[in-house]
Amino acid sequence: MMVEMMIETTKLVKHYGTKIGLKDVDLKVKKGEAVAILGPSGSGKSTLLRCLNGLETVSSGEIIFKGQPIQPTEKNWQTLRPEIGMVFQSYDLFPNQTVLENVVIGPIKVQKRQRAEAEKVALEWLDRVGLRERASSYPRELSGGQKQRVAIVRSLCMNPSLMLFDEVTASLDPENVREVLEVILELAKTDKTLLIVTHEMAFARRVSDRVIFMADGEIVEENQTAAFFDQPQTSRAKQFLRSLDFENL
């Protein structure tokens, strides 16, 4: 049986002037797979996600989504972005709109869906993340963890095939981290394909099928999750895990 790839890259390169952000990155992510992208700060993890969503222009190489090479024009990316959802560290909710309005604006304005349908889907997702009763609240009335869950729902309501998470708990207080991670853990049980940049190692081990480890803009190692954490193959990955004292997490 042929495995369906959700997204692939071939020799992906990203330059920032003389600085190299990504160097010859070859990536393959299967449909329905949850992949954790790990590595030290500045290793290219966030740059990779932003390239996969068209937020960064690649210098060279190719991105293939659902078997089709992406022609990197802004018009093409505008068409594709609803299928490639991305959640950032910052929530970027509209402060003057309620939770429900923040969530349905994309489906209504971008996808031209009927308001009744958009609200039905939105309320179902808000219910699944424990926020249905906050549908009429404004962002200022929410905790950081609640805002981040709303940001996740906002992306999910576009019905993306691929979800990209870029350090979504980095700006949260410790007590808010767990509620956001639990939402992503539940998503990993669905048919969604997830690419997750995180510094939460215990979470990465729980949520992912596979780990990609990056350093200096390159993929240094990739393996099944248990194998990566129990028996890392490269000295760079071993050094990274030792620096986090992962054994004691």
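Biologist: Hi! Starting with the largest pocket, how many nonpolar, polar and charged residues does its lining have?
Modeller: Hi! The lining of the largest pocket has 15 nonpolar, 8 polar and 3 charged residues. Keep in mind that this is a predicted model.

Biologist: Got it. How much space lies in that largest pocket?
Modeller: The space in the largest pocket comes to about 540 Å³.

Biologist: And which lining residues are the closest to its centre?
Modeller: Look for Arg 81, Met 86, Arg 154, Ser 155 and Met 158, which are the closest to the centre among the 26 residues of the lining.

Biologist: Which elements each supply at least two residues of that lining?
Modeller: Those are β6 (84-87), α3 and α5.

Biologist: Which one gives the largest share?
Modeller: That is α3, with 5 residues of the lining.

Biologist: Okay, next pocket. What volume does the second largest pocket have?
Modeller: Its volume is about 230 Å³. The second largest pocket is lined by 15 residues, and the closest to its centre are Gly 42, Ser 43, Gly 44, Lys 45 and Thr 47.

Biologist: Which elements give two or more residues there?
Modeller: For the second largest pocket, those elements are β2 (19-30) and α1 (45-52).

Biologist: What is its lining like by class?
Modeller: In the second largest pocket, 3 lining residues are nonpolar, 8 are polar and 4 are charged.

Biologist: Let's switch to helices. At what angle do α3 and α5 pack?
Modeller: Helix α3 (residues 99-109) packs against helix α5 (residues 144-156) at about 30°, and their axes are 8 Å apart. Angles under 35 degrees count as roughly parallel, so α3 and α5 are roughly parallel to each other.

Biologist: Is that crossing left-handed or right-handed?
Modeller: The crossing of α3 and α5 is right-handed.

Biologist: Which residues meet there?
Modeller: From α3 you have Val 99, Asn 102 and Val 103, and they meet Val 150, Val 153 and Arg 154 from α5. By class, this contact has 4 nonpolar residues, 1 polar and 1 charged.

Biologist: Now α5 and α6. How far apart are their axes?
Modeller: The axes of α5 and helix α6 (residues 174-187) are 7 Å apart, and the two helices pack at an angle of about 25°. That angle makes α5 roughly parallel to α6. Their crossing is right-handed.

Biologist: Which residues of α5 and α6 make the contact?
Modeller: On the α5 side, they are Gly 144, Gly 145, Gln 146, Gln 148, Arg 149, Ile 152 and Leu 156. On the α6 side, look at Asn 176, Glu 179, Val 180, Val 183, Ile 184 and Leu 187. The contact of α5 with α6 has 6 nonpolar, 5 polar and 2 charged residues.

Biologist: One more pair! At roughly what angle do α3 and α4 cross?
Modeller: The axes of α3 and helix α4 (residues 115-128) cross at roughly 130° and come within 9 Å. This makes α3 oblique to α4. The crossing of α3 past α4 is right-handed.

Biologist: Which residues make that contact?
Modeller: Helix α3 brings Val 99, Leu 100, Glu 101, Val 103, Val 104, Pro 107 and Ile 108. Helix α4 brings Arg 115, Ala 118, Glu 119, Ala 122, Leu 123 and Leu 126.

Biologist: How do the residues of the contact of α3 with α4 divide?
Modeller: They divide into 10 nonpolar and 3 charged residues, with no polar ones.

Terms used:
Residues are numbered from 1 along each chain as its sequence is written. This is a predicted model: local features need pLDDT of at least 70, side-chain atom pairs count only at pLDDT 80 or more; totals for chains, interfaces and linings use all residues. Side-chain values use heavy atoms; hydrogens and water are left out. Axes are lines fitted to C-alpha atoms, for helices over the stretch in contact, and angles run from 0 to 180 degrees between N-to-C directions. Helices (H or I, at least four residues) and strands (E, at least two) are DSSP runs, numbered from the N terminus. Angles under 35 degrees count as roughly parallel, over 145 as roughly antiparallel, 65 to 115 as roughly perpendicular and the rest as oblique. A crossing is left-handed if the near helix is turned anticlockwise from the far one by less than a right angle, and right-handed if clockwise. Contact means heavy atoms within 4.5 Å. Ala, Val, Leu, Ile, Met, Phe, Trp, Tyr, Cys and Pro count as nonpolar, Asp, Glu, Lys and Arg as charged, and the others, Gly among them, as polar. On a 1 Å grid over the protein atoms alone, a cavity is a set of points where a 1.4 Å probe fits but cannot get out, and a pocket is an open set with protein on both sides within 12 Å along at least five of seven lines; lining residues have an atom within 4 Å of a point. Grid points are joined across faces, edges and corners, and a volume is the space filled by probe spheres set on the points.
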